[in-house]
Amino acid sequence: MEQRDEQRRLAVAKAKIPIDGLGFNDAMTQVIYKGLPIDNLGEGEQIRISALIGMAANPKLRVLCIRHGEALDDDGLQVLAQLAEEHDFQIWMARVDSSGKVGIVLEDGMVTKRNEAE
């Protein structure tokens, strides 16, 4: 067990982690960001961190899918847009918009209307 733990510690130490402040707790059972378990962060911050990890993990795909875009406020969306531009990624995001002006309207699983940003 000790040998496996040491191998895991060495692998983590050698890993290229794409975000400053991201790591693991001492037992290496939790992802930590700036000293806090990632589960304790807001959903918007979790999305940003996950996007950076996804961009680093598969740079050839160049597309990220984000399911809970409604967790991002305007500032969070702007940060995500900047990250996508900096890393040359597309972001496909599910987001609730009740204005009817942006996105694709789905009813009963079918596209009923397509809208574009003004």
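The structure is a predicted model, in which local features need pLDDT of at least 70, side-chain atom pairs count only at pLDDT 80 or more, and totals for chains, interfaces and linings use all residues. Residues are numbered from 1 along each chain as its sequence is written, and side-chain values use heavy atoms, with hydrogens and water left out.

To begin with the overall layout, the chain has 3 helices and 7 strands. Here helices (H or I, at least four residues) and strands (E, at least two) are DSSP runs, numbered from the N terminus. Read from the N terminus on, the elements follow the order α-β-β-β-α-β-α-β-β-β. The C-alpha trace spans about 60 × 30 × 30 Å along its principal axes. The radius of gyration of the chain is 18 Å, whereas a compact globule of 118 residues would have a value near 13 Å; this radius is taken over C-alpha atoms, and the globule rule is 2.2 Å times the number of residues to the power 0.38. Of the 118 residues, 22% count as buried. Buried means under 20% relative accessible area, exposed over 50%, and partly exposed in between, with a 1.4 Å probe and protein chains only. Among the contacts with a separation of 6 or more, 43% join residues 24 or more positions apart, where contact means heavy atoms within 4.5 Å.

The largest nonpolar core holds 17 residues, and Ile-19, Tyr-33, Ile-49 and Leu-80 touch the most other members. Such a core is a set of buried Ala, Val, Leu, Ile, Met, Phe, Trp, Tyr and Cys residues joined through side-chain atoms within 4.5 Å. At least two residues of this core come from each of α2 (43-57), β4 (63-66) and α3 (74-87), and the largest share, 5 residues, belongs to α2. With its neighbours within four places in sequence left aside, Ile-19 is in contact with Tyr-33, Ile-49, Leu-52 and Ile-53.

The largest pocket contains about 480 Å³ of space. On a 1 Å grid over the protein atoms alone, a pocket is an open set of points where a 1.4 Å probe fits, with protein on both sides within 12 Å along at least five of seven lines, and lining residues have an atom within 4 Å of a point. Grid points are joined across faces, edges and corners, and the volume is the space filled by probe spheres set on the points. The lining of this pocket numbers 14 residues, with Met-93, Arg-95, Val-102, Gly-103 and Ile-104 lying nearest its centre. Strand β6 (residues 103-107) gives the largest share of the lining, 4 residues. By class, 8 lining residues are nonpolar, 4 polar and 2 charged; Ala, Val, Leu, Ile, Met, Phe, Trp, Tyr, Cys and Pro count as nonpolar, Asp, Glu, Lys and Arg as charged, and the others, Gly among them, as polar. Gly-103, placed in strand β6, is partly exposed at 27% relative accessibility. Its C-alpha lies 28 Å from that of Ala-56, a residue 47 positions away in sequence.

Some loop residues also deserve a look. Lys-34, in the loop between β2 (31-33) and β3 (36-37), has a positive phi of about 50 degrees although it is not a glycine. Lys-34 is exposed, with a relative accessible area of 62%. Asp-88, in the loop between α3 and β5 (90-93), likewise has a positive phi, near 55 degrees, in a residue other than glycine. Asp-88 counts as exposed at 56% relative accessibility. Asn-25 sits in the loop between β1 (22-24) and β2 and, apart from its neighbours within four places in sequence, is in contact with Gln-30 and Ile-32.
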